[in-house]
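Here are a few notes to read alongside the model.

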Amino acid sequence: MERVAGAPALQGQPVTVIVETDLDAATHAEIKAANGKWRYSAGRSHEVVVPGGRLAQFIARLPSSALVRFPYPHKAMAVTGQGVALTGAGDMQAIGNSGAGVKIGVIDLGFANYTTAQSTGDLPSNLIITDYTGTGIGTGIDHGTNVAQIVYEMAPGAQLYLAKVDTDVQMQTAVNAMIAAGVRVINHSVGWYAAAFYDGTGPFCNIANQADQNNIQWVNSIGNDRYKHYMASFTDANADLRHEFATGQNYNTISLTAGSAVTLVLNWDAYASTNVDYDLYLYSGNPDSGGTLVASSLSRQGGSYPYPYEVIDYTPVTGGTYYIVVKKLRSNTATRRFALFSLGPDLVIKTTASSLAQPADCPYVLATGATNLSDVAESFSSEGPTTDGRAKPEIAAPNRVQ
């Protein structure tokens, strides 16, 4: 099996993949033959879990028209509470507007310790909560718990619906359930990468658009990636197939800490499918001076893998400066604009504009930036415009509070 962007270690553990095909009886039979499990479907996208050692066999037995990918990279955005007075929500509550009668959904990556928050009165006892990941609603991170506490502080009379997700197919399933339940607001303080070129298109915007069509206001953090983002059109003046991040410099740099994982996401403006092929490399030293290659993502775009993105997940053994290289597969590869995100430390060479993640870029989503307690934009808060030129964010809210 060829290398697929974002691939985890495959042996000895279950692996979640998204299969894009018609889910007919033959496909169900192949899932069963691989000791796999079908979990959810959203249109022609189907979430399937198979043993790592059976994945190559499973893919090989699918119809040639079927496409297989790993879930899109994503991360929770930093969140803190107690901004009720600063935003004026306290005044609304004082005149009797507590959100009573309104159903609010919080779709997030983890709700650890939510029962503790209920016991202290920071969350209500009547939560409606669903785990779509299969890993347990109270396990993992407590990011969603913190988000839900803020929603409860702002609108203490509302009915909260909490959903834990980890893939776009799970998110679609959660939104379908919230539409059926009559939810009117969805908060999603999560950023997703590589599903589209941050231009209001792709699967996450399709989901958000569907929510809007069902009278749901979607509110999304714009992200904390202002210094973790680089964007440019591929430039190769010296014809060595490597992008020049600066004149005569064929690499970007990032400072990594031993034992702390980093994810690097490269995607380019060639959606929805392409044979334009760029690759992503990470070196532990200057690649022009004998630096050692420590990780790479070398998916072959086109044919059975048309997705225009590459992902590196890497945990360094030794801390220090690491070097990032973006390379064309061949000289006749088309020149496209690309984005590079670090889901970890800041990049040294960065582009602050258009540093927003999805689905904050979607046309019907209320993207929210971060301000400090003096109402000044936080330096790390992502900014617009979207890559198709629309202004973002629409609003901002206080950060650096307890």
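1. Helices (H or I, at least four residues) and strands (E, at least two) are DSSP runs, numbered from the N terminus. Please keep in mind that this is a predicted model, where local features need pLDDT of at least 70, side-chain atom pairs count only at pLDDT 80 or more, and totals for chains, interfaces and linings use all residues. Residues are numbered from 1 along each chain as its sequence is written, and side-chain values use heavy atoms, leaving out hydrogens and water.

2. The structure holds 1 disulfide, a pair of cysteine sulfur atoms within 2.5 Å. Cys205 and Cys362 are its partners, with an S to S distance of 2.1 Å. Cys205 belongs to helix α8 (residues 203-213) and Cys362 to the loop between β19 (337-342) and β20 (365-371), so the link ties together parts 157 residues apart in sequence.

3. Both Cys205 and Cys362 are buried, meaning under 20% relative accessible area with a 1.4 Å probe, protein chains only. Other buried residues of α8 include Phe204, Ile207 and Ala208. The buried residues of α8 pack against α7, β10 (190-192), β11 (217-221) and β20, contact being heavy atoms within 4.5 Å.

4. How do α7 and α8 pack? Helix α7 (residues 168-181) and α8 meet at an angle of about 0 degrees, their axes 10 Å apart; axes are lines fitted to C-alpha atoms over the stretch in contact, and angles run from 0 to 180 degrees between N-to-C directions. That makes the two helices, α7 and α8, roughly parallel (angles under 35 degrees).

Key:
Buried < 20%, exposed > 50% of the residue type's maximum accessible area, 1.4 Å probe, protein only. Parallel < 35°, antiparallel > 145°, perpendicular 65-115°, else oblique.
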